[in-house]
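Student: I would like to learn how to read a protein model feature by feature. Could you take me through one, giving the general idea before each case?

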Amino acid sequence: MGAGGAVDPLRPWSPLFLSWPQDGETAPYGFDNQTKHCLQHLGKHYQLQTRDLWPGDAALYRVRVPDAGVSRTELEASAVLPQVVVPLACAHCGEQGEVVLEATLSGPCPSATWHRRHRPLQLSDRYEVFVSSDGLTHRLLARRACFSDVGRYSLGTKLHACGAWLVVEAGKDKSLLTASTDHQQQSRKAGREGGSDVHGQRTDATRSPGSRHKPGAGGFSREARGPTGHFSQGLADLEVQRGEAAVLSCTLTSDLGPGAWFKDGVKLSAQDGVAFEQDGLEHRLLIAHAEGAQAGRYSFGAGDQQSEAMLTVLEPPVIAPDMMAKLREPLVVKAGEPVTMKVAFQSCLPVQATWNKDGAKVAGGDGGGAQVAVGDSSTRLCLPSASRKDCGRYSVALSSKGGSLRAELTLQVLDKPQPPQGPLEVQDGHGAGVCLCWRPPTDDGGQALQHYVVERRQAGLGTWLKVGEPPADSTTFTDAEAEQGKKYSFRVRAVTAEGPGEALESDEVLVAPKVLPGPPPPPAILSASSQGVTLSWTAPRGPGSAHILGYLIEKRKKGRNTWVAVNQQPVPEKKWTVLDLRQGCQYEFRVTAVAPSGPGEPGPPSDAVFAQDSMRPPGPVRDLQVTDTLHASITLSWAQPDPQDGDEALGYVVELGDSASPQWTPCHAGTVPGTTYTIKGLRPREGYFVRVTAVNDGGRGPPTALDTVVQAMPVSVCPKFLMDASTKDSLTVRAGDTVRVPVHFEAASMPDVTWLKDGLPLPKRSVTSVKDGLTQLLVPAASLADSGLYTVVLRGPRGEEATYSFRLRVAARPRAPGPILLREGTLGSVIVEWVPSPDEADGRAAPLHYTVLTRSSPHAPWRPAAERLHTCRFTLVGVLPGHEYHFRVVAKNELGASEPSDTRQPWVVPRQPPVSTADRVTAKAPSYQEPDLRQKPRFLVGLRTHLLPLGSECCMTCAVRGWPRPRVTWFKNDQSLAGDPAVYSTDLLGVCSLVIPSVSAEDGGKYKAVAENTLGQAISTATLIVMESSSEPQHTLECPSPSPQPWNEGRSSKVHSSHRTGLGRQSQRMQDAGRAQSPRERGVSGLLGKLLPEGTEALGKTKKKRAFSLPAPS
């Protein structure tokens, strides 16, 4: 059910109805579009359309269907959208005046909106909207009108709209405004009479609402525009096409002085794209190419007189590019659904729309139910229920006074496919099944066919059974499951994405019993060659041989049991040439007849035949030679005969002749397929004659013999060593290991093998062996004395020699260094010296170096202080008073590290007591005026975050500058550490350190150093994170500057970042040169260089000492 109001007029009603009771009363309806209620149906689809929907049509609708019950639906009053009863009328007002636009609707519509120039109207103090108490009358009040307010105003609901023009004129008298008001009242009165426009004429559905009133006319005569007594000819309204020239002219009766031209109240000049001409009392305004923006009300004024006219630029309707792109895409709908084809356009003139389908005009309101509507900015073609006949190419012609425009679109209606074209042919396959044949459907429903569905029903039964789904490109199907001797009916449906269509059904057909053909006679051989064999045969006899579809041919090599198919599809002829044969082989053939019921039994085989041509004997072999001789064999090789001397050889015969007898004896049974052969079982050092003969099916060719006697004895070969990638010129083993060195060689006879060490025979503890081209050296337990240059000498029977040498080095882990001696150095340093390892004096031992490790307590882990030292001396700087330092020295070489050598007592520097006042020395300095060096404290180097394991030492260092010299106070979690016995702090020329000898879990937290003097204070903070010990390696992180990589010992280790690894390599290169310096020493030296005067003794000693430093604990 639908209507032209709030309810979609194309919405289908699905139930079949006979009567439509409305609130208990039968609603009168007809079958054409002229009645209030129109009943239409398409097949089983019925729908009721209601025209001119009114709020009084809201009711409960019921439909009664015999034997099916009652179905009902309710049309709510809120769903009935109001229509325009009294449309807006064009209004005129003077500049700075007020004007009211008023329209009346058929019902309340809170969602009604006002538009100005097709855009929503923004309400303000100049625009105000009023709605009557019953919600039917809508008014728009415009205050202080100006020329920019000129334009089209419209009031719109969801489906309906009405519009009118507002014209603001300059110099209008009161009588003109009164005439305008009277005209509005007449328009409203005409609208209340119903069915007519503001001019009292019936509206046309194919015309846009803008055609009901012409802008500029306004229902006023030319005399109403102003007095014309001073104009012999006033301005006249003008309509021009876009791009044409426009001329507005007027003639004065007398010279009133200079005149001026205006457009919509704005004075014109030459810069506005117009030209002015005057010929006596005649004044003209020329526009060379009129555009849409130049349309409007023009006036000419001279003195206190003026004449005006309306210039209309006719432009054809315009369709937006995005709408044109959308129209190029097909509109796809399903059958039975309502269709609305909408085309939006833009036009400032009334537009007429004409719809065509496939060249034929579509009339709105015809028997097909098509509805055509035209609005201010769009036209629509509505179909209540789409069907396949509605598919096609639609076009709409939009025409106005400015021109015309044509747009096209394609409508595709999707439906289920029609049944396949018949008749459905059913043929009995005589045992091979039932063959069905049909033609594709005439209409596929707008969708590509996916497949067909073939169903079968046995006679006397009512159930259809699906037997197959042939593809869409196939119109045949064979049902091989049909039982013989029974009757069946078949039907076929076409299936698309919309589902299966109607079925094409066949008559009943009887399936005949299955009978197979008999075996054909043996095939006859017509011809045979290397290219193929030609056969011929006759048809079989007996039952089942009347409908022969073709024959299958098979082949096999003589003497074998496996038959191979020659053709995959039956051939209808009784003659065939078999091509795929191997030349020279003997074949047999047989034939099988194939009927619709299936293939029969194979016939007997044919006679055996060779697939070859007649051949010539081959020529003599070429390049016969002896490639190898041994004590009991001779190996020969030769080349194939020349093709010009005969046909291709299929094999060769090798014969042997004794030097004492002229007879030739074959060396093998049959023929030799290749061009090499080894004669075995000969007597050593015996002489033989040899010849070779080529053979094929044409016979033997001429033999080829060697001119000389061949002796069965090996060829003399000089001994040589067999080297590969595993052979090495140098070997290094650990002392005490077993050494096994195999050396492979090659020689005609076993040579004499001699092993030497440094040019002398091997010692007795070394064992050698020789067997089958392999000799090897075995040392059960290697010692340092076994190191040296080993040489293997091979000497043949004729004196040929071959040598191979390699160097063996036996090494062991170095022995531990001697005792460690500690003595005090300068500037808080300690010198570490030790007795070198005994292996350092042994020239046969591997080169070694030393590693020095330190720790702060007997239970703390060892940390490397210096590595790869090649001297027995090391200097550790940065020693703190009151701390213990344990030292360990380890000797290392490429095989490992020695046992460690540790100090028995730690090195401890006692803390210096504070200097008393009595011990101070007072010196009188000469009087001079000192410069003002005062400055607030500031940190040159701030504290750093530390990540440490339990039990390790933590040293937080910072550098501060200020004068007077600042006093540094340490805090932990905002608690002062002054007097805490667990920590130790130092202040050396502004370099302040806080030392925790052995950190615990309670030591973690936020630490702060506060530097204060009389001028202010500075603060530096850092965080200490303590990790619990575990069996996994621990990681030490210090930010932001790195420190050397610690040494890994046992299962407790610390791994630093890649920056520390790089510093470790740099430190290693410095230590190799006899000097190493830790990052902490470089940091302290840098700070001292900033704080101490240049060239002081303390810094000079630090640079000259070339001392090694202890790595930072963190």
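**Reading contacts, cores, strands and backbone**

Tutor: Residues up to four places away in sequence being left out, D839 touches R813, P814, R815, A845 and L848, where contact means heavy atoms within 4.5 Å. The model is a predicted one, in which local features need pLDDT of at least 70 and side-chain atom pairs count only at pLDDT 80 or more, while totals for chains, interfaces and linings use all residues. Residues are numbered from 1 along each chain as its sequence is written, and side-chain values use heavy atoms, with hydrogens and water left out.

Student: Where does D839 lie, and is D839 buried or exposed?

Tutor: Burial is read from relative accessible area: under 20% is buried, over 50% is exposed, and partly exposed is in between, with a 1.4 Å probe and protein chains only. D839 has a relative accessible area of 11%, so it counts as buried, and its place is in the loop between β68 (830–834) and β69 (849–855). Helices (H or I, at least four residues) and strands (E, at least two) are DSSP runs, numbered from the N terminus.

Student: What is E588 in contact with, and in which strand does E588 lie?

Tutor: E588 lies in strand β46 (residues 586–595) and is buried because its relative accessibility is 11%. Apart from neighbours within four places in sequence, E588 is in contact with E554, K555, R556, K558, W563, S606 and A608.

Student: Which residues of the largest nonpolar core touch the most other members?

Tutor: In soluble globular proteins, nonpolar side chains tend to be buried together. A nonpolar core is here a set of buried Ala, Val, Leu, Ile, Met, Phe, Trp, Tyr and Cys residues joined through side-chain atoms within 4.5 Å. The largest such core has 26 residues, of which M341, W355, L381, Y394 and L411 touch the most other members. Elements giving two or more residues to this core include α2 (321–328), β26 (339–344) and β32 (403–414), and β32 provides the largest share, four residues. A second, separate core of 24 residues includes C93, W114, L140 and Y153.

Student: In what order do the five strands of the open sheet come?

Tutor: Strands of a sheet pair through backbone hydrogen bonds, either parallel or antiparallel. Two strands are taken to pair if DSSP finds at least two bridges between them. The open sheet has the order β8-β15-β14-β10-β11, with mixed pairing, and its edge strands, β8 (91–94) and β11 (119–120), each pair on one side only. Strands β14 and β15 (residues 161–169) run antiparallel and are joined by six bridges, with G151 standing opposite L166 in β15.
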